[in-house]
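Visitor: I have a structure open and want to learn how to read it. Take me through it feature by feature.

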Amino acid sequence: MIHLSSHPVAAIDLFCGVGGLSYGLEAAGVNILAGADIDPSCRYPFEANITGARFLERDARLLAPEELAEIWPQDSLRLLAGCAPCQPFSPYQRGRGTPSDSRWSLLREFGRLVRATEPELVTTENVPRLMGTSVFGAFLELLRELDYSIAYRTCNCADYGLPQKRRRLVLIASRLGPIDIPEGYLSGLQPKTVGDAIRRMPPIASGEVNATDPLHRSRTLQDINRQRIQASAPGGSWRDWPEELRVPCHRRASGRRFRNVYARMSWDEPAPTLTTYFYNFGAGRFGHPEQDRAISIREGAILQGFPAEYDFVESGSPISFTTLGRLIGNAVPPPLGAAIGQTIIHHIRNVRLGT
Ligand SMILES: C[S@@+](CC[C@H](N)C(=O)[O-])C[C@H]1O[C@@H](n2cnc3c(N)ncnc32)[C@H](O)[C@@H]1O
C-alpha cells in the first residue's frame, strides 16, 4: 500500500486569471506550479501572489499536453484546475451565451487536456447554469470514461467564509477513489457581512484615491448619480429617491427587474454577487453602505475574498477600473479555492492505493 499523503499535490491552473483559485488552493497546501491565461494583464498579479509559480501567456486552444506534462514533477499527484470563462453561461449575459460564442468551446479544451494528460485530480468551477448544458454533460461523460470519481454541486460561497452571496458550481474529480464536496463551515449559520469585510477601510470620496493604497480608489460619480446615492439608504435603492432622480425606465416599469441597480450595500449582509462592473454605482447594488460612492477596487477585491494586500498592479503602472473590474469580478474567490484545496488534501489523506 502506498500512502498518498506522502506525495505533494502539484497543480497547473488553466484560465488562471489573477490567481484567485490558485491562491486559495495554495493556502490549503497545494503546490501551484504554473498558471496559463490568454490575458497578459494576469501575469503580474499571478506571479506576484502565487509563490514560485510561473505564468504562461497562452490560448488554451493552442496549449499542447506535452507542455503540461513537462511541468509536473514525476513523483507528484497532478491536479489540473481550470475555470473556463463563465460569461457564456452567466445569467448576467442573457441572450449572449449562444453556441456561436467561441468561449463555449473552452470547457471542451479543458477536457481535451484532461484526456491527454490524465492527471490524478481535476477541478473546475463555473456558474450553476453550466450544469444543464450539453457541454457539461459531455465533460462528465469524458471523466467517467477515464474512470474518474466525480463530485459536483452548487456551493454557496458565503458558506465558505466569503462576505458575498455567490453561488458557484464546483466539480472535483479523482482517479484515486471516491470523493465528496462537503458543505461549508458557515452553512446555516450567520454569513460574513460587508461590515466584517470593509468597515475598517479608510473613507474616500467619489473619484478619490487613498494615499497609501492606489487600489482603494472609487470611480467619479456624475452629479446626477451623486444626488441619487445621497438619497439612498443603506441597503436601499432607487425606490428611496424622489421622482425626479429616477431613471426613465424605472419610472415606467414596475421596476422589479431593476431592484438591485443603483443601490447601496448593507453593512449587515453579505455583498451581492460581484460582477465585472462592481466599481460602477449604476451597474448593481454596488454603492458603499454609507459613503456617497461606489465601492473601491480594493473593497471589491476584499469582498471577492482576496486579502487586503493582494498585489494586482505593478508599482507605477496605470490602474484601469475596466481591467481590474474584469480580473477581480471574474476571479474564483480565494476562500472557495481554499475549500476546494482542503477537500482535495483531505481526500488524498484518506484514500489508499490498492496494490
Ligand atoms: C473565470 S476567469 C478565471 C478566474 C481565475 N481562475 C481566478 O481564480 O482568478 C476565466 C479566464 O479565462 C481566460 N481566458 C479566456 N479565453 C481564454 C483562452 N482562449 N485561453 C486561455 N485563457 C482564456 C480569461 O482571460 C480569464 O482570465
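Visitor: Where is Leu221 found?

Guide: First, the ground rules. This is a predicted model, in which local features need pLDDT of at least 70, side-chain atom pairs count only at pLDDT 80 or more, and totals for chains, interfaces and linings use all residues. Residues are numbered from 1 along each chain as its sequence is written. Helices (H or I, at least four residues) and strands (E, at least two) are DSSP runs, numbered from the N terminus. Now the case: Leu221 sits in the loop between α6 (194-198) and α7 (223-230).

Visitor: Does Leu221 count as buried or exposed, and why?

Guide: The test is a neighbour count. A residue is buried if 20 or more other C-beta atoms lie within 10 Å of its own, exposed if 12 or fewer, and partly exposed in between; C-beta atoms are placed from the backbone. Leu221 counts as buried because it has 22 C-beta neighbours inside 10 Å.

Visitor: Which residues is Leu221 in contact with?

Guide: Contact means that two C-beta atoms, placed from the backbone, lie within 7 Å. Leaving aside neighbours within four places in sequence, Leu221 touches Ser206, Arg226, Ile229, Phe281 and Arg293. Leu221 and Gly282 are 61 residues apart in sequence, and their C-alpha atoms are 9.7 Å apart.

Visitor: How many helices and strands are there in the protein?

Guide: The protein has 11 helices and 9 strands. Of its 355 residues, 45% count as buried. Take the contacts between residues at least 6 apart in sequence: 69% join residues at least 24 apart.

Visitor: In what order do the strands of the open sheet run?

Guide: Strands of a sheet pair through backbone hydrogen bonds, either parallel or antiparallel. Here two strands pair if DSSP finds at least two bridges between them. Seven strands form an open sheet with mixed pairing, in the order β4-β3-β2-β5-β6-β8-β7. β4 (54-57) and β7 stand at the edges with a single partner strand each, so one side of each has no neighbour in the sheet. On average, neighbouring strands of this sheet are turned by 15° against each other, direction ignored.

Visitor: What does α4 touch on the sheet?

Guide: α4 packs on the sheet against β2, β5 and β6, and its direction makes about 170° with that of β5. Axes are lines fitted to C-alpha atoms, for helices over the stretch in contact, and angles run from 0 to 180 degrees between N-to-C directions.

Visitor: Which strand pairs run parallel or antiparallel?

Guide: β3 (residues 31-37) and β4 run parallel, joined by 4 bridges. Ala36 has Leu56 as its bridge partner in β4. β6 and β8 pair antiparallel over 6 bridges, with Glu125 opposite Val170 in β8. β7 and β8 are also antiparallel, with 8 bridges. There, Thr154 is partnered by Leu169 in β8. As 6 of the 8 residues of β8 are buried, the strand is largely enclosed by the rest of the structure.

Visitor: Which residues is Asp13 in contact with?

Guide: Asp13 lies in strand β2. Beyond its neighbours within four places in sequence, Asp13 contacts Leu21, Ser22, Ile32, Gly35 and Ala81. Asp13 counts as buried because it has 33 C-beta neighbours inside 10 Å.

Visitor: What is phi of Phe15?

Guide: Most residues other than glycine have a negative phi. Phi of Phe15 is near 55°, a positive value. Phe15 lies in the loop between β2 and α1 and, with 26 C-beta neighbours inside 10 Å, is buried. Glu118 also has a positive phi, about 45°. Glu118 is in the loop between α4 (106-117) and β6; with 15 C-beta neighbours inside 10 Å, Glu118 counts as partly exposed.

Visitor: How many residues surround the ligand?

Guide: A residue is near a molecule if its C-beta atom, placed from the backbone, lies within 6 Å of it. The ligand is surrounded by 21 residues, and the closest are Phe15, Gly17, Gly20, Ala331 and Val332.

Visitor: What do the buried residues of α11 pack against?

Guide: They pack against β2 (9-14), α1 (20-27), β5 (77-82), β6 (121-126), β7 (149-156) and β8 (167-174). Among the buried residues of α11 are Pro334, Leu336, Ile340 and His347.
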